[in-house]
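Please look through the structure below with its helices, strands and charged side chains in mind. The paragraphs that follow take these topics in turn.

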Amino acid sequence: MNNKDLESVKSIVRNIPDFPVPGIQFKDLTTAFKDPEALQIMTKAMADLYRDKGVTRVVGIEARGFIGGAILATQLGAGFVPLRKPGKLPAEVIQKSYTKEYGTDTIEIHKDAITADDVVIIHDDLLATGGTMLAAYELVKSMNPKKIYINFLCDLADLHGRDVFPPEVEITSLFTF
Ligand code: AMP
C-alpha cells in the first residue's frame, strides 16, 4: 500500500462540522468517491490487503458500507451481502441493536447469507465508536463462518473504536483521522 497516495485521498475527504448533530466532525467521503484517482487508490489499497485470504463474502453495512463493500467484493471475486436497516430485507433475517457516535440503530442480515464455509470481510466506510461494526461482527459471528476480517476506509483515532473488539479480530483501515 502506498501511504503517500492514501494521504492524498485523506486530504480530499471533506470535514463538515456539526453534522448531523452539534459536536460531530462529519467525514464526508463523497469527495473521495467522486474523484476517479482517489477511487482507484482506495480500491487497490483495500484489495491488496485481502488478495490471498480466500475471501468468499464481503458484508457491507448500510448505506455507506455498500460502496466500498461492493467494490471490494468485485476486486476479490467474492460475493456481496448487505447488512440493512430494519424492515428492508425481504427474506428471513436475524438482527441486532446497538449505539453509535450519535443515536441508536438496528441492523439485519438474511439468515442464509453466510454459511460455515465462508471467509468474510465486514466493511464500512468509517470507524467511530465501533458500535455499528461490533454489532455487525457479533451478528456475522453468530452465523459461524470460518473467519471474519473487518475493514474500514478510515477511522477516528480519538474515539478508540478498535478497543471495543476482542484483540484477536483483524481490523484494517486505509487512513486515520
Ligand atoms: P460508530 O458505530 O460510532 O463506529 O459509527 C460508525 C458509523 O456511523 C459508520 O457507518 C459511519 O458512516 C457513521 N459515522 C459515525 N461518525 C461519523 C463521522 N464523524 N463522520 C462520518 N460518518 C460517521
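A salt bridge is taken here as a side-chain nitrogen of Lys or Arg within 4 Å of a carboxyl oxygen of Asp or Glu. The model is a predicted one, in which local features need pLDDT of at least 70 and side-chain atom pairs count only at pLDDT 80 or more, whereas totals for chains, interfaces and linings use all residues. Residues are numbered from 1 along each chain as its sequence is written, and side-chain values use heavy atoms, with hydrogens and water left out. Helices (H or I, at least four residues) and strands (E, at least two) are DSSP runs, numbered from the N terminus. A residue is called buried under 20% relative accessible area, exposed over 50%, and partly exposed in between (1.4 Å probe, protein chains only).

By the salt-bridge rule, the count comes to 9. One of them joins Asp-118 to Arg-57, with the closest N and O atoms 3.7 Å apart. Because Asp-118 lies in the loop between β6 (104-110) and β7 (119-127) while Arg-57 belongs to strand β3 (residues 57-61), this pair ties together parts that are 61 residues apart in sequence. Asp-118 is buried, at 4% relative accessibility, and Arg-57 is partly exposed, at 27%.

Another salt bridge is formed by Glu-170 and Lys-147, whose closest N and O atoms are 2.7 Å apart. Here the partners sit in two strands, Glu-170 in β9 (residues 170-176) and Lys-147 in β8 (residues 147-155), so the pair ties together parts that are 23 residues apart in sequence. Glu-170 is partly exposed, with a relative accessibility of 39%, and Lys-147 is also partly exposed, at 29%.

Lys-44 is partly exposed, with a relative accessible area of 49%, and Asp-48 is partly exposed at 33%. Together with Arg-51, Lys-44 and Asp-48 are linked in a network of salt bridges.

The other residues of α3 complete the picture of this helix. Its N-terminal end is capped by Asp-35, a side-chain oxygen of which lies 3.0 Å from the backbone nitrogen of Glu-37, a polar contact being a pair of N or O atoms within 3.5 Å where, within protein, one must be able to donate a hydrogen and the other to accept it, and where residues adjacent in sequence count only if both atoms are side-chain atoms. The buried residues of α3 include Ala-38, Ile-41, Met-42 and Tyr-50. With contact meaning heavy atoms within 4.5 Å, the buried residues of α3 pack against α1 (3-12), α2 (30-33), α4 (65-76), β7, β8 and β9.

Helix α4 has its own buried residues, namely Gly-65, Gly-68, Gly-69, Leu-72, Ala-73 and Leu-76. They cover an arc of only 135 degrees around the axis, which puts them on the same side of α4, the arc being that of the directions from the helix axis to the C-beta atoms. The buried residues of α4 pack against α3, β3, β4, β7 and β8. After α4 comes Gly-77, whose phi is positive, near 70 degrees. Gly-77 lies in the loop between α4 and β4 (79-83) and is exposed, with a relative accessible area of 67%.
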